[in-house]
Amino acid sequence: MIHTDMHPTSAMPEPPFTILARGTWTRDQVRLRQVSSTRRIDPNVETAIENAWAQATAGANRLLFDGPMCRVEHFHFSSDAVSMDWSPTSFRVFFGTNLRIADAPAPMPLDTLASPIGVSTALLSRDGFLLFGRRNARVAYHPNRVHPFAGSLEPAEAHDPFAAPERELQEELHLQRDDLSDIRLIGLVQDRSLRQPELVFAVRSRRSLSDITKRLDPAEHAGVRAVAIGQIDAARRDPVFTPVAQAVLQLCQMQPFCI
C-alpha cells in the first residue's frame with residue numbers, strides 16, 4: 001500500500017520531516033529519467049549562491065566539494081512502481097539554496113532551489129540493530145548530530161539508484177555488496193528545514209554491530225549510533241537525531257521489511 005503526504009494528528013506536534021511516500025520496492029521497480037531542468041534562474045539567488053560558496057570555501061575546516069547531483073523534477077509512487085524525473089545540478093547550488101533557506105535574508109523561491117535527490121539508509125545489522133552515524137564537526141550540515149549513513153544520487157547512478165546507497169555504505173563503512181543480504185526502497189521523505197527529497201533504502205547487512213563499527217571511516221563520522229528495534233520510540237524523541245534520521249526511524253516502524 002502507498003501512503004503519500006502523511007501528516008500527524010492535531011494532538012501531536014508537527015515533526016521536522018514529511019513522509020512523502022512509503023511502501024516497499026525492489027531494484028526492478030524503480031525507474032529514473034533525465035529531463036530538462038525547470039529550475040528558475042534568479043539573479044539575486046545566483047549571487048547568494050556564489051557568495052555563500054566563496055565564504056564557505058575560504059576556510060579549511062569544512063568538507064566541501066562541488067560534485068554533480070540530480071535535481072528532482074517529478075516523481076510518482078504506486079504500489080508496484082516508482083518513477084522519478086531528474087535534471088543535473090551540483091552541490092554548490094544545493095549549498096547556496098536548500099542549505100541556506102533558514103538563514104537567507106529574504107525568502108528563497110522554491111523553484112530556484114537545487115532540491116537534489118538525497119539517499120539515506122536504514123541499515124540493519126545481522127544482530128538486529130538499526131545503525132546511524134554520528135556526524136563530525138566538519139560536515140556541511142547537521143554537524144555533531146546522528147544521521148543515517150547517507151549521501152546524494154549522482155548522475156552516473158541514475159540508471160540504477162540502488163547503486164547510490166551501496167556506494168555510500170562502501171565509502172563510509174567499507175561494506176561491499178557481498179556484505180549486504182537485501183536492499184529495498186521504503187520511502188521518500190523530506191527535512192522540512194531543507195526542503196530536500198530523500199530516498200530511503202532499507203539495507204540488511206550480513207555483518208554484526210561490532211564488525212560494522214570497526215569499519216567506520218572517520219572522514220565524516222565520529223562514531224556509530226545503534227538503535228535496538230525495541231528502542232525506536234525513545235530514539236525518535238532524542239533531539240540529537242536529525243529530521244531525516246527521525247523519518248527513517250518512523251518508516252522502519254511502519255515497514256515489516258526493516259524489522
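Biologist: Which element gives the most to the lining of the largest pocket?
Modeller: This is a predicted model, in which local features need pLDDT of at least 70, side-chain atom pairs count only at pLDDT 80 or more, and totals for chains, interfaces and linings use all residues. Residues are numbered from 1 along each chain as its sequence is written, and side-chain values use heavy atoms, without hydrogens and water. On a 1 Å grid over the protein atoms alone, a pocket is an open set of points with protein on both sides within 12 Å along at least five of seven lines, and lining residues have an atom within 4 Å of a point. With four residues, the element that gives the most is H3.

Biologist: How much space lies in the largest pocket?
Modeller: Strand E4 (68–77) and helix H3 (163–173) are among the elements giving two or more residues to its lining; helices (H or I, at least four residues) and strands (E, at least two) are DSSP runs, numbered from the N terminus. A volume is the space filled by probe spheres set on grid points, which are joined across faces, edges and corners. For the largest pocket this is about 670 Å³.

Biologist: How many cavities of 30 Å³ or more does a search of the whole structure find?
Modeller: A cavity is a set of points where a 1.4 Å probe fits but cannot get out. The largest holds about 40 Å³ of space, and its lining includes Tyr 141, Asp 191 and Val 244. The number of cavities found is one.

Biologist: Why does Pro 105 count as exposed?
Modeller: Pro 105 lies in the loop between helix H2 (91–96) and strand E6 (118–124). Buried means under 20% relative accessible area, exposed over 50% and partly exposed in between, with a 1.4 Å probe and protein chains only. Pro 105 counts as exposed because its relative accessibility is 91%.

Biologist: Which residues touch the most other members of the largest nonpolar core?
Modeller: A nonpolar core is a set of buried Ala, Val, Leu, Ile, Met, Phe, Trp, Tyr and Cys residues joined through side-chain atoms within 4.5 Å. Of the 33 residues in the largest one, those touching the most other members are Phe 77, Ile 117 and Leu 185.

Biologist: Which strand gives the largest share of this core?
Modeller: Nonpolar side chains tend to be buried together in soluble globular proteins. In this core of 33 residues, the largest share is four residues, from strand E10.
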